[in-house]
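Please open the structure in a viewer and keep the selection tool at hand.

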Amino acid sequence: MRSFQDLTGGIAPRVKVVDIGANPIDAEPPYAGLLRAGLAEVVGFEPNPAALAVLETRKGPLEQYFPHAVGDGGRHVLHICQAPGMTSLLEPDPAVLALFHGFPDWGRVLSTEEVDTVRLDDVPATAGADLLKLDIQGAELMVLRHAETRLRDAVVIQAEVEFLPLYKGQPLFSEMELFLRGHGFALHRFFPTVTRAVQPMMVNNDPYGGLGQIVWADAVFIRDLTQLDALSDRQLLATAVILHDAYGAFDIVFRLLAEHDRRRGGAVAQRYLAGLQAPLPHAA
């Protein structure tokens, strides 16, 4: 896939990414290509010392990472679980975890400790964020509720959302969607959805195997496309480069560029469309 920068003749602005829960335990983040191309700067948060050390070792000149736990600015109890990926400010719910293979062990709380959290709005390095990415085991909505200023600047949000409360008192997808809709965002897509087989059935003898029950997903929210007049010219382009390079949302990018052309008297949208339709060059 050609990059947005290549298709549009170099009009892409450098975007700012704030990654909350930047632990590199999964596949590379969707903004990785933008970072490698020098079109993204990343401000990340990772309170796990081991994961933070890995991030610090790998980081490039456009990345900075903080050891803070992001939340509402208050003091909370951190529940340290057997599986590090389940450690959370919320307490795991044994009744829900018991529905699925593996989760009762992975979510077993080994210890607890009190931690101070910071509000995203109180960290100057996060000012002007275009993309907010959150993966912090149930505390995502807490972060966003205390990031009103950052929400005004952001144009794309990727957040892990749950459809069953793996943690006690955990907000579910419906609450996240209602909150973000009230701040001018609309659901774009799930990226992707994750299912698990409900006990006692197991699929292919695999505790990670899914079947019909959706448990969680990464949800991508974008600014409401019926309210593009609320976005600046730069925000239109920032949304376009993120949606093209990170999520492949070519149709929305084309619409954003058409709006940019309408304002500026340009012809970038047609150049973009022609580039999408052109065959890829073959390597020698």
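Helices (H or I, at least four residues) and strands (E, at least two) are taken here as DSSP runs, numbered from the N terminus. The model is predicted, so local features need pLDDT of at least 70 and side-chain atom pairs count only at pLDDT 80 or more, while totals for chains, interfaces and linings use all residues. Residues are numbered from 1 along each chain as its sequence is written, and side-chain values use heavy atoms, with hydrogens and water left out.

Begin with helix α10 (residues 250–264), and select Arg-263 and Glu-259, which stand four residues apart in α10 and are thus separated by about one helical turn. Glu-259 is buried at 14%, whereas Arg-263 is partly exposed at 27% relative accessibility.

Next, select Asp-19 and Lys-133. Their closest N and O atoms are 3.8 Å apart, and they form a salt bridge. Asp-19 belongs to strand β1 (residues 15–20) and Lys-133 to strand β7 (residues 131–134), so this pair ties together parts that are 114 residues apart in sequence. Both Asp-19 and Lys-133 are buried.

Move on to Arg-119 and Asp-122, a salt bridge whose closest N and O atoms are 2.9 Å apart. Arg-119 is partly exposed at 28% relative accessibility, and Asp-122 is partly exposed at 49%. In total, the structure holds 14 salt bridges.

A cavity is a set of points on a 1 Å grid over the protein atoms alone where a 1.4 Å probe fits but cannot get out, and its lining residues have an atom within 4 Å of a point. Grid points are joined across faces, edges and corners, and the volume is the space filled by probe spheres set on the points. One cavity of 30 Å³ or more is counted, and the largest cavity has a volume of about 60 Å³. To find the largest cavity, select its lining: Gly-138, Glu-140, Leu-141, Glu-160, Val-161, Glu-162, Gln-170, Pro-171, Leu-172 and Met-176. Strand β8 gives the largest share of this lining, three residues.

Terms used:
On a 1 Å grid over the protein atoms alone, a cavity is a set of points where a 1.4 Å probe fits but cannot get out, and a pocket is an open set with protein on both sides within 12 Å along at least five of seven lines; lining residues have an atom within 4 Å of a point. A salt bridge is a side-chain nitrogen of Lys or Arg within 4 Å of a carboxyl oxygen of Asp or Glu. Buried means under 20% relative accessible area, exposed over 50%, partly exposed in between (1.4 Å probe, protein chains only).
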